[in-house]
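Hello,

Please find the structure we discussed below, with its sequence. My notes come after it.

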Amino acid sequence: MKKNLISLVLALLVSLLNYAQQWEALGANDFNAPSSTSARYLSMAKGPNNSVYTAYQDEDNSSKLSVKQFINNEWVYVGTPGFSSSYLNSLFLATDTNYQPYVIFSDGGYDNKATVMRFNNGAWELVGDPGFSTSSSYGNSLAIAPDGTIYAAVSDSANSSRLVVYQFVNGAWDILGSSPISDSYASSINIAVDSNSIPYVAYAEELANYKRFGSVKRYINGVWEYVGNQSFTGATSYLSFAIDNDNVPYVLTNDASNGYVPIISKFSNGTWGPVGSNVISEDMSGYLAMTITENNTPVVLYHGQASNLIVKQLNNGSWETVGSDSSAFDRVFNQPSITATNDKIFVSQPGDDMMGMGSISAVYQFSDGVWSSTGGNTGIAKGNFQKDALAIDSNGMPLVAFVDFDNDYKISVLGFQNNEWIPVGNKGISAASATPVTMDLDSNDVPYIFYMDSSVEGKGTVQRYINNNWEVLGSIGFTTANGQSISIALDPNNVPYVVYSYYSGGYKLEVMKYNGSSWEMVGDPNFTGPTSDMDLDFSKDGTPYLAYTEGNNGYKEAVRRYVNGSWERVGNIGTSSGAAYGINMEFDSNGIPYIAYRDQGNGTKAAVKKFINNAWELVGVDGFTSGSTVYTTLAISPDDIPYVVYKDYANNGKISVHQFKNNTWEIVGLAGFSASRIEWPSIKVAKDGTVYCVYYSNYDKIFAKKFSDNSLPIITTTNEVSVAENETAVINVNATDNDGDSEGNGLSYSLSNDDNGGVDNDFFNLEPTTGELSFKEAPDYESPLDEGNDNGYKVQLSVTDFKGGTGTQNILVSVTNVNDMVLDIGTTDVLCFEGNSGLANITVNQGNQGYNFELFLNENSIGETISTQNQNYSFNGLVAGNYSVRVTDNEGHTVTKDFVIDQPEVLRAIANTTLESYVGAKDGIIELTVSGYASL
């Protein structure tokens, strides 16, 4: 019950957060991730019911500690995010036998000394004193024994970084045994406890010529003793350790004497020996991790030569790769980890944002023969783009063009229809790899893409999607050079124009248009002089306008328009404080041009200007963003509200959007509404005023979100429900909406399956108006139909308001067993009074095989309890009386039924005589009446 309550609170917190930010993910949600940021320090541990926990250093909370749990296809916070008192280092997460999570970390608030906390009664609490180690600690490891004893192993800086083990006893941390344990600097520290609560510690220590050698010790009879020989592994760079279900220890290392190949050993019969072929791979390895499955199979993880992760498991004495697609994993930046539940393998990859590209952590699961990412931080696609990658058609459908990493880096286009991203035509449109790409739509919603094509020396190609096919306009590679910054736009007559910059003794730009058969230059190709960024758009009358940064004027902003065969300046130029990078342009409905850029002379904050009364004037204040920006991109709504999207360094490089409303710039929703740092955001506003953004993060994961002033509805129903078998009713779903929509008046319910959150939806009905959720057919506990075949049905609920805003909630419907045993009893009564020939034949219907039969006479137990696998049992030799029989199956379900064994009355004979009519007549009669007999 406690767990359900905690899950409910967490679900409500997530829902409230979704309402507060009002940015709704279109497809994959980058916040549905094992960490909210890059999480360079990430640790993982097994949780209950096929779940896992992650603990990480949370950049969004002052680098403090946060923990999440992956449950029902969602990553949810465990307790309060950022619950440690200060920043942290060297983090390790463990769970006890009841899956209660514990964490140990080097506590920045206590000079990096070790602190341990645990999640108890819905909150994180200290285990003993914070900063309990004698000095700053590193390489922390933690284990909780079956008897509840907590052990912590650390590298102690006051002892030349040698290994020290602590034990939590009587409310305090004490050093266990002699200290320190290792002879020199210790790394790759692993502590584990066997089923007898004996602690083991494995580590690598520097012993000769700065080489590290692995050893294992255990604490027994009050002494730390070597398990096998000291340094038995030989030189190694990494080490991992595990104990199997039979208390056999395993060590995984990479052999420095043999090209750092991964090898594994186990301790058996007093010595360390090979496991299977011992050498897991002939390739060099880096990071290592290991786990033992519940069926006692060792599974290893190592960092291969190609910077990828490889997982192998022992099968019939040989090491075989788990899954076939190693590309499922991302780049490896820091120490990964691995754990296994009863039918899944989980691998965690910490992120690392040292390059500022939003590398967020990931956890992958292997299930049903396939590796897949948990949560939604895989993105809607794997790739990247630059500016103007987003377009919105007249029906409000967003489209995104991108370099598709899963299709040989060719160009693909996706459209968002019916709550999913689908390809527009074939994927991989370009002839070869291509970058960058930009897109625009004509008045008939026909998409045009412009990209630099590697098949023609990186020159430009344009295609359009018409009659369900992509076709090239003109020739491929029509530009004179390999373009860098590029843009495409269509005039009011649907004539496509392109602009691109290229390097030839300095950055220059060219504008070209399609004349119906070929591409031709628009004006003098060298009219601007040196330049870098630029953008192209059209006035109402079809005049091309070009915004760019002018190299001859400190790369400040400049605008020209093409009139009477030449490019003329539009107003005064170069009034920005410094270089105007990232410039782009849009027209409002009145034909007024706007430009947006980041001003290098004003802290690279964003600025917007508009051209009115023959002069450029600021829109609001100069530098309206709270900090420096990159990729400032402009959009204007149908009601002429300017929007600017940018990479926001005041919010850790995440995405933010401003709008100019009521003569002031204000944040739209929440600032920093991406999960991590982003690159190249694009923004568009649909006819109905909905704002759309796309961006990529985590190096190559593309995400899309929309914003509406409409408050999103929130489902308030608990995310875990228990239902007894044989019943169809599940729960009445409820939702709230701050705009006043309600059930039957604006809110409607449906089943959805975003991120596979509703894999068991087909077994349910959801009434769209009232929210009544029910099984289509009553479930049978003994014959589960859910995907996991474990009576846990995963359902995803969706509520939609009057304006189309949606809220979703994943729920787990657990079917519980009902004692549905039925007894049929056939009886045979006693034949004679006070005899013992009675018989009762008991037949058990349903129940779980393996039964105990107990017989009672007049409420008193008689005879022994009978245990049998058979559903039938007969009690014979019964006397007459009132009986009851109690049957218990192997799951403890019990049913009792009464029956009666009857008997005849005592045998009696009554004689009636009639005398002879005369002596010797022989007509006398004797009549006997018998009672108290049983028919034979």
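Predicted model: local features only at pLDDT ≥ 70, side-chain atom pairs only at ≥ 80, totals over all residues.

Whole chain

The secondary structure consists of 1 helix and 76 strands. The radius of gyration is 38 Å, whereas the globule rule gives 30 Å for 936 residues, so the chain is more spread out than a compact globule. The C-alpha trace spans about 160 × 80 × 50 Å along its principal axes. Buried residues make up 55% of the 936 in the chain. Among contacts with a separation of 6 or more, 46% are between residues 24 or more positions apart. The accessible surface is about 38900 Å², and carbon and sulfur atoms hold 43% of that area.

Sheet β2 to β5

This is an open sheet of 4 strands in the order β2-β3-β4-β5, with antiparallel pairing. Its edges are β2 (42-46) and β5 (74-77), each of which pairs on one side only. With direction ignored, neighbouring strands are turned by 25° against each other on average. Strand β2 is joined to β3 (residues 52-58) by 5 bridges, and the two run antiparallel. As a reference point for viewing, Ser43 is opposite Ala55 in β3.

Sheet β14 to β17

Here too there are 4 strands in an open sheet, ordered β14-β15-β16-β17 and paired antiparallel. Strands β14 (186-193) and β17 (223-226) are the edges, and each has pairing on one side only. From one strand to the next, the twist averages 30°. Ala204 has Gly214 in β16 as its bridge partner.

As background for both sheets, strands pair through backbone hydrogen bonds, in either a parallel or an antiparallel way.

Ser539

Ser539 lies in the loop that links β43 (531-538) and β44 (544-550). Is Ser539 buried or exposed? Its relative accessible area is 9%, and the cut-off for buried is under 20%, so Ser539 counts as buried. The side chain of Ser539 makes a polar contact of 2.3 Å with the side chain of Asp541. Leaving out residues up to four places away in sequence, Ser539 touches Pro492, Tyr545 and Phe587.

Regards

Note on methods. Residues numbered from 1 in each chain as written. Heavy atoms only, no water. Pairing = 2+ DSSP bridges. Axes fitted to C-alpha atoms, helices over the stretch in contact; angles between N-to-C directions. Buried < 20%, exposed > 50% of the residue type's maximum accessible area, 1.4 Å probe, protein only. Polar contact = N/O pair within 3.5 Å; in protein donor to acceptor, adjacent residues only side chain to side chain. Contact = heavy atoms within 4.5 Å. Rg over C-alpha atoms; globule rule 2.2 N^0.38 Å. Areas by Shrake-Rupley, 256 points an atom, 1.4 Å probe, with all protein chains shown as cover.
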